[in-house]
Amino acid sequence: MMNEILDTMFARRATKRFDAHHTIPDETLTAILRAARTAPTAFNIQNWRFLVVRDPAVRAAIKAVAWHQPQIEECSALVVLCADMHAYAKDPGRYWKDAPEAMREKYIGMITQYYENNPTMQRDEAFRSAGMAAYALMMAASAHGYDTCPMDGFDFEQVAEIIRLPKDHALVMFVAIGKGTGDLPPHGGRIPDIDVIAFDRF
Ligand SMILES: Cc1cc2nc3c(=O)[nH]c(=O)nc-3n(C[C@H](O)[C@H](O)[C@H](O)COP(=O)(O)O)c2cc1C
C-alpha cells in the first residue's frame, strides 16, 4: 500500500546542488521547523536545537571547513542540528507544563534520575533526539516542495567554534534545505534485508 508519506520517503534523495538564487519564504521555513518539532524526545525533553545559518559570511566560513561542499552556500536554509545535553536540568517542569501537576512532578523526578551524573546518556540522548529531528525536518521540507541534504562532512571542532556552540551542547549534523538543481548522482544502492534486519538475537 502506498500513501503520501511512503511516496515521500521513497522519493527523497540527498541533494548535492541547490538553486542558489532561490529564497525560502520565512513562513515556509517556520512551518518546516514547526513540523520538525513534532519529532519525539525521551521524557519530552525537547533537547534538540535548530541553528539556522543565514549570514553569508558564516556560511562561507563553514564551507571552508566542510570540504568546500557547494550545498553549504547554495542551499536556501542551512540548519545545524544541535542538542542541549543539559536540557534535563534546565527547568524540566516546562517539558510537562500542560500536564496535571502530579504528573509533572513525577516526570521531573524521573528526568533528573535518568540523566543526572550520566554524561554518556546525556550525550547519547542528544544524538537520538537530533537524529530523529533531522529526518523529521527532511520530511517536512519535502512536504513543502524542498529538497534536502543531510551532512556530517565537516570539521566538528571548527564548526563548533564558528557557530559559538555552547559547551553543554552537542553538534550533531547539518540539514541543507533548498530547491535541487542539476542531475542527482547515481544512488549507491541498498544492501539486502538480511544484512540489516535480524530477529530476536544477533
Ligand atoms: C549523517 C549523514 C551525513 C551525510 N553527510 C553528507 C555530506 O557531508 N555530504 C553529502 O553530499 N552527503 C552526505 N550525506 C548523504 C549520503 O551520502 C546519502 O544520504 C546516501 O548516499 C544515501 O543516498 P540518499 O540519501 O539519496 O538515499 C550524509 C547522510 C547522512 C545520513
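**Stop 1**

Select H68, which sits in the loop between α3 and α4. Helices here are DSSP runs of H or I with at least four residues, strands are runs of E with at least two, and both are numbered from the N terminus. This is a predicted model, in which local features need pLDDT of at least 70 and side-chain atom pairs count only at pLDDT 80 or more, while totals for chains, interfaces and linings use all residues. Residues are numbered from 1 along each chain as its sequence is written, and side-chain values use heavy atoms, with hydrogens and water left out.

H68 has a phi near 55°, a positive value in a residue other than glycine. H68 is exposed, with a relative accessible area of 52%. The cut-offs are under 20% relative accessible area for buried and over 50% for exposed, with partly exposed in between (1.4 Å probe, protein chains only).

Now go to D200, in the segment after α8 (193-196). D200 is not a glycine either, and its phi is positive, at about 70°. Its relative accessibility is 82%, which counts as exposed.

**Stop 2: helix α3**

Select residues 56-64, helix α3, and colour R59, I62 and K63, which are buried. Look down the axis of α3: the buried residues fall within an arc of 100°, so they line one face of the helix. The arc is taken from the directions that run from the helix axis to the C-beta atoms. An α-helix has 3.6 residues a turn, so residues three or four places apart point the same way.

What lies over this face? The cover of the buried residues of α3 includes β1 (48-53), α4 (71-74), β2 (77-84), α7 (156-162) and β4 (169-178). Contact here means heavy atoms within 4.5 Å.

At the N-terminal end of α3, select D55, which caps the helix: one of its side-chain oxygens lies 2.8 Å from the backbone nitrogen of A57.

**Stop 3: D168**

Move to the loop between α7 and β4 and select D168. Is D168 buried or exposed? D168 is buried, with a relative accessible area of 19%. Show its side chain together with that of K90: a polar contact of 2.8 Å joins the two. A polar contact is a pair of N or O atoms within 3.5 Å; within protein, one must be able to donate a hydrogen and the other to accept it, and residues adjacent in sequence count only if both atoms are side-chain atoms. Leaving aside neighbours within four places in sequence, D168 is in contact with A83, D84, M85, H86 and K90.

**Stop 4**

Select E125 in helix α6. E125 is buried, with a relative accessible area of 4%. Its side chain makes a polar contact of 2.5 Å with the side chain of Y115. Not counting residues up to four places away in sequence, E125 touches A42, I45, N47, Y114 and Y115.

E125 is also one of the residues lining the largest cavity, among them I45, N47, D84 and Y115. The volume of this cavity is about 40 Å³. On a 1 Å grid over the protein atoms alone, a cavity is a set of points where a 1.4 Å probe fits but cannot get out, and a pocket is an open set with protein on both sides within 12 Å along at least five of seven lines; lining residues have an atom within 4 Å of a point. Grid points are joined across faces, edges and corners, and a volume is the space filled by probe spheres set on the points.

**Stop 5: the largest pocket**

The largest pocket has a volume of about 230 Å³. To find it, select F156, A160, L165, H169 and L171, the closest to its centre of the 14 residues that line it. The elements giving two or more residues to this lining are α6 (119-143), α7 and β4. Which element gives the most? It is α7, with four residues.

**Stop 6: the cysteines**

Counting pairs of cysteine sulfur atoms within 2.5 Å as disulfides, the model has zero. Select C82: the nearest cysteine sulfur, that of C75, is 15 Å away. C82 is buried, at 3% relative accessible area. For C149, the closest cysteine sulfur is also in C75, at 9.3 Å, too far for a bond.
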